Amino acid sequence: MIISRSTRGSRIAAVLVVPIVVVLAFGPYIVPPSVTRALVTLFALVIMASMWNLLAGYGGMISVGQQGFIGVGAYTVLAADVAGIDPFLALPLAVVVAAVLSLPTTTLVFRLSGGYFAIGTWVVAEVYRLLTVEIGAVGGGAGASLTGLGGMPPVLRGAVVYWCALGSAVLVVGVVVLIMRSRLGLALTAIRDDPTAADSLGVRVRRAKRLVFVVAAGGCGLAGAIIVLDSLRVQPDSIYSVQWSAFMIFMVVIGGLGTIEGPILGALAFFALQQILEPYGVWYLVALGVVAVAAALYARRGVWGLLTGTHDIRLFPTGYRVRAQNVRPRA
Amino acid sequence: MTWVNAIVQGILLGGVYALFACGLSLVFGVLRIVNLAHGDLTVLAAFLAVVVTGAFGVPPVVALVVVVPVLAALGYVLQRTLLQRSLAAGELAPLLVTFGLSIVIQNALLQVFSADTRTLPTGAFGTASLAIGGDLAVGWLALITLLVAVAVLAGLQFVLARTALGRSMRATSDDPETAQLMGLDDRRVHAAATAIALGTVALAGIFYGMRGTFTPTLGPQLLIFAFEAVIIGGLGSLWGTLLGGLVLGMAQTLGAQIQPSYGVLAGHLVFLLVLAVRPQGLLRTASRR
């Protein structure tokens, strides 16, 4: 018997992922700024999708309020800018602020479950928005622009934002892989499959869920910070928009809930659809909704599930596999 | 006096919220689905009323005769097609499906009716009010809305408690397998519950449209208000939903009395406060689930 974590797929992935990331890192030297800007959006989408998948696919928590933490992250960068701190240094700060704010949030929303949990997180996001609008120093209801990066040459700024976004996306996916390989990941899988049974086996359900919620909030804060570094402008109604949640749900459901690869694939698919369908205006959102409903009903394992079929292919394996060793009969 | 007035107006506003909330409460109670498209269906009803009043030149109250059955039928079909299938597809599917539906309805309305602010014309009746001593006056329309809300809740309570349909709904909700063994078709019961719920949604949408203005993107906000009313009052209690609506309405008008932009925020904060100190809701003694 051989017990191993790696599979053939994962060994191929390990060989492929590093060169892909290295090539992407040279992006600003290879492709024009318009392309790197689009890629920054894609990286932010990958972060959001991975975080929403961690919540829903692994933690079993459907949240419709992650835009609250996206907004908090974005406004942390803006507030740091107003206070005279370098906006790039504010990136980790955005993660910390979003994660810290998510702690009191959990004590409230964890009293709800299922669909009511979903709307509860949404109310909290609305509260963040309404409170932000009251703060005049960051522009109130009209929003404000980031001024601290004005002295930087635009090409250099674009490149640094690009590297921040790429690094963040790699970091976030890496954190999800590490979490799912740890004891916490095992606990989460148990909770998702049967919370009562997990609890009776000694899994600290609430603690595990809280940890996941905090990590997901921090990740969304990071995504928000990247969005504001890219656009240089924050407007409360758009940064706190529930549309972010719609996008996250779409990406994860399309890509494949409860896998590491699915959300990345979903982000790519969504990004492509957005580029193609954007000219059709609002109809593109209608199409997104229809596709999401269809996927939730008919293709529950998403594109990743359709691609892999019945094969258990994992590019980022989180569990262990047992294989029978080739035993040759003795002569 | 302005504070007393704020409380009175809050109670009247709460009537609308209670009307929104009872459909959400009923669908959750019977199907265990939280319908995330609830608010958008309410807005859809208001826009249907715009079409009906425009096409036939009738007042919005008459449009009820058309819109309520249409939405009830829509609810029946929706349940038999999408929702029933999603119930079988696991715990997450109903949420994803209703959220997808919400996006579809909202953006389709946006495309067809544009983002313009609308209202349902009520003529002189809409502004007529009843003086009740002092400087206080309550609008007839607001008062009737509150009475309709109470009547709908009482009607639902009666149906659930006293009729064969209500009995089958409660049975299906408590134990679907046993209910099926007793010869109940749970799909039919679910569809009937959704039809009734969407009927109340139609009422709520039209009364909201007569009282104020609406846009295609209002749905999510209405969903949140309905949800807050349900949780403040206590899950599974229809009279609790009425109380929750009234508390939410009062919180909003009192908050707005302090500063207009605080209205909605005050409602949210009262909701969070209830969640923190009395998560089972105001009208429930202990949580049973």
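In this predicted model, helix 1 of chain B and helix 6 of chain B cross in a left-handed sense. The two elements, covering residues 2–31 and residues 140–162 of chain B respectively, pack at an angle of about 30°, and their axes lie 7 Å apart. Angles under 35 degrees count as roughly parallel, and helix 1 of chain B and helix 6 of chain B are therefore described as roughly parallel to each other. On the side of helix 1 of chain B, the contact is made by Leu12(B), Gly15(B), Val16(B), Ala18(B), Leu19(B), Cys22(B) and Leu26(B), while helix 6 of chain B contributes residues including Ala142(B), Thr145(B), Ala149(B), Val152(B) and Leu156(B). Divided by class, the residues of this contact between helix 1 of chain B and helix 6 of chain B are 14 nonpolar and two polar, with no charged residue.

Chain B also meets chain A, with 35 residues of chain B in contact with 30 residues of chain A. Helix 3 (60–88), helix 4 (92–113), helix 10 (219–233) and helix 12 of chain B each supply at least two residues of the side of chain B that touches chain A, and the largest share of that side, 14 residues, comes from helix 4 of chain B. The classes of the residues on the side of chain B that touches chain A are set out here.

| Class | Residues on the side of chain B that touches chain A |
|---|---|
| Nonpolar | 28 residues |
| Polar | five residues |
| Charged | two residues |

Within helix 12 of chain B, which spans residues 263–277, lies Val274(B). Val274(B) is buried because 22 other C-beta atoms lie within 10 Å, and, leaving aside its neighbours within four places in sequence, Val274(B) is in contact with Ile231(B), Ile232(B), Gly281(B) and Leu282(B). Ala195(B), by contrast, stands 79 residues from Val274(B) in sequence and 31 Å from it in space, C-alpha to C-alpha.

Turning to chain A, its secondary structure comes to 15 helices and four strands. The radius of gyration of chain A is 21 Å, close to the 20 Å that the globule rule gives for 331 residues, so chain A is as compact as a globular protein of that length. Of the 331 residues of chain A, 47% count as buried, and among the contacts in chain A with a separation of 6 or more, 81% are accounted for by residues 24 or more positions apart.

Technical notes
Residues are numbered from 1 along each chain as its sequence is written. Chains are lettered from A and ligands numbered from 1 in the order in which they are written. This is a predicted model: local features need pLDDT of at least 70, side-chain atom pairs count only at pLDDT 80 or more; totals for chains, interfaces and linings use all residues. A residue is buried if 20 or more other C-beta atoms lie within 10 Å of its own, exposed if 12 or fewer, and partly exposed in between; C-beta atoms are placed from the backbone. Two residues are in contact if their C-beta atoms, placed from the backbone, lie within 7 Å. The radius of gyration is taken over C-alpha atoms; the globule rule is 2.2 Å times the number of residues to the power 0.38. Ala, Val, Leu, Ile, Met, Phe, Trp, Tyr, Cys and Pro count as nonpolar, Asp, Glu, Lys and Arg as charged, and the others, Gly among them, as polar. Axes are lines fitted to C-alpha atoms, for helices over the stretch in contact, and angles run from 0 to 180 degrees between N-to-C directions. Angles under 35 degrees count as roughly parallel, over 145 as roughly antiparallel, 65 to 115 as roughly perpendicular and the rest as oblique. A crossing is left-handed if the near helix is turned anticlockwise from the far one by less than a right angle, and right-handed if clockwise.
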